[in-house]
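Here's a walk through one protein model, going from its aromatic rings out to the overall fold. Have a look at the structure first, then read on.

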Amino acid sequence: MAAVEVHKFIEGPFELDDGTWYNLCLALLADGDWAEIEMYYTDFDAAYDVSVRLNRSPYPLEVDDGCLISSLN
């Protein structure tokens with residue numbers, strides 16, 4: 001799996017019907033394209049902690065590309 005660099009938290013956390021949570025973020029994909037991605041979590045605290053980290057850090061968060069991606073184009 002290729003690494004995706006998550007650069008910005010957009011909004012969230014949002015709760016799904018099954019009790020999981022997700023954040024909407026802006027990421028740089030391995031092929032150089034920018035996309036909005038949904039990052040999924042098992043609980044609110046984990047989703048919130050990542051949103052705070054992305055808002056405060058000048059460095060992107062690297063994740064595997066196994067998350068759901070919707071292109072900006």
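Trp21 has 16% relative accessibility, so it counts as buried (buried means under 20% relative accessible area, exposed over 50%, partly exposed in between, with a 1.4 Å probe and protein chains only). Phe44, at 36%, counts as partly exposed. Keep in mind that this is a predicted model: local features need pLDDT of at least 70, side-chain atom pairs count only at pLDDT 80 or more, and totals for chains, interfaces and linings use all residues. Residues are numbered from 1 along each chain as its sequence is written, and side-chain values use heavy atoms, leaving out hydrogens and water.

How do these two rings sit? The ring centres of Trp21 and Phe44 are 5.1 Å apart and the planes are at 70°, so the pair is edge-to-face. Trp21 belongs to strand E2 (residues 21–28) and Phe44 to helix H1 (residues 44–56), so the pair ties together parts 23 residues apart in sequence. Helices (H or I, at least four residues) and strands (E, at least two) are DSSP runs, numbered from the N terminus.

## The other rings

There are four aromatic pairs in the structure. Rings of Phe, Tyr and Trp (its six-membered ring) pair if their centres lie within 6.5 Å; planes under 30 degrees apart count as stacked, over 60 as edge-to-face and the rest as tilted.

Phe14, Tyr22 and Tyr40 are linked into a cluster by ring pairs. Tyr22 is buried at 18% relative accessibility, while Phe14 is partly exposed at 30%.

## Core and helix

Which residues touch the most other members of the largest nonpolar core? Among its 16 residues, they are Val6, Cys25, Ile37, Met39, Leu54 and Leu61. Such a core is a set of buried Ala, Val, Leu, Ile, Met, Phe, Trp, Tyr and Cys residues joined through side-chain atoms within 4.5 Å. Strand E1 (3–15), E2, strand E3 (34–41), H1 and strand E4 (61–64) each give two or more residues to this core. E3 supplies the largest share, four residues.

Over in helix H1 you'll find Ser51, which is buried with a relative accessible area of 4%. Not counting residues up to four places away in sequence, Ser51 touches Phe9 and Asn23 (contact means heavy atoms within 4.5 Å).

## The whole protein

Stepping back, the protein has one helix and five strands, running β-β-β-α-β-β from the N terminus on. Of its 73 residues, 30% count as buried.
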